[in-house]
Amino acid sequence: DRLLKRIQLRDRSATSAELAQEWQQAGVSASARTMAWCQEGQQRSHFSPKKKNIRDRLIFCKKYGEWTAEDWGKVIFSDEASFRLFRAYGKRLVRRRKGERYHQSCVMPTVKHPETIHVWGCFSSKRVGSLAILPKNTAMNKEWYQNTLQQQLLPTIQQQFGEEQCIFQHDGAPCHKAKVITKWLGDQNVEILGPWPGNSPDLNPIENLWSILKRRVDKQKPTNSDKLQEVIMKEWVAISQDLAQKLIESMPSRIAEVLKKKGQHCKY
């Protein structure tokens, strides 16, 4: 259920079928009908965080309430995201004259089950780090995650921080909290930020980075999976250091706003 909530928060416009596909990618066997049933059971929690969630958010924000932008500059933020072909096309309106309903210039491309690409990325105030694309038919499990951290996170830490101490942020997804992952990170002397409060995308600046990246990718109008992957990687490396730093520097304001709102979600 927690994983389902997290997937839904990534893309609030996704259909039950698309969510089921992502759920299956994460290792859960479920149909679109099961997905819809689970969503229905969660409806009451969509609009107000549970008391435990508010408590955890307050604990986190109080713990890091005195941190400055310079302190946050030592943190590498990370997360997974999903990109779909024709993501924005079906939401656009067109201006047409009478009789032009099916004119080619007035028709947006749509597909019933658009190709979905899952990625893992990280960034700090220095710049964006590695971006990994999840291979098809690969589940987001602890084995995949450990390999991603080995191949993507460690080189990013070395490139951006060298021998300097840095802190790694990831949320409470099941594959992130696996004992083997916690042990592996400890063996690599990677310090973890947290504990990270659940259902808190507003506290993770990489969520803003995903939104910016998706808009840029949409503008390129990729027409197939290969092109989509190519555009994602191209736009990712084009993200400026100024933008990365600006997002990281927003952390003290995020923390302060959540504290002011007594644990409720902030505008970010």
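Predicted model: local features only at pLDDT ≥ 70, side-chain atom pairs only at ≥ 80, totals over all residues.
View A. Five strands make up an open sheet with mixed pairing, and their order is E3-E2-E1-E4-E5. Strand E3 (128-133) and strand E5 (191-192) form the edges, each pairing on one side only. As a reminder for this view, strands of a sheet pair through backbone hydrogen bonds, either parallel or antiparallel.

**View B. Strands E1 and E2 up close.** Here you can follow strand E1 (residues 75-84) alongside strand E2 (residues 116-123); the two run antiparallel and are joined by eight bridges. A handy landmark is Ser 82, which stands opposite His 118 in E2.

**View C. Two helices on the sheet.** Helix H6 (residues 142-161) lies across E1, E2, E3 and strand E4 (167-168), and runs at about 160° to E3. Helix H9 (residues 206-220) also packs on the sheet, where it touches E1, E2 and E3. The direction of H9 makes about 35° with that of E1.

**View D. Helix H12 and its buried side.** Which residues of helix H12 (residues 251-260) are buried? They are Met 251, Arg 254, Ile 255, Glu 257 and Val 258. These residues sit on the same side of H12 because they cover an arc of only 165° around the axis. Just after H12 comes Lys 262, with a positive phi of about 55°.

Definitions and conventions: Residues numbered from 1 in each chain as written. Heavy atoms only, no water. Pairing = 2+ DSSP bridges. Helix = DSSP H or I, 4+ residues; strand = E, 2+ residues; numbered from the N terminus. Contact = heavy atoms within 4.5 Å. Axes fitted to C-alpha atoms, helices over the stretch in contact; angles between N-to-C directions. Buried < 20%, exposed > 50% of the residue type's maximum accessible area, 1.4 Å probe, protein only. Arc of directions from axis to C-beta.
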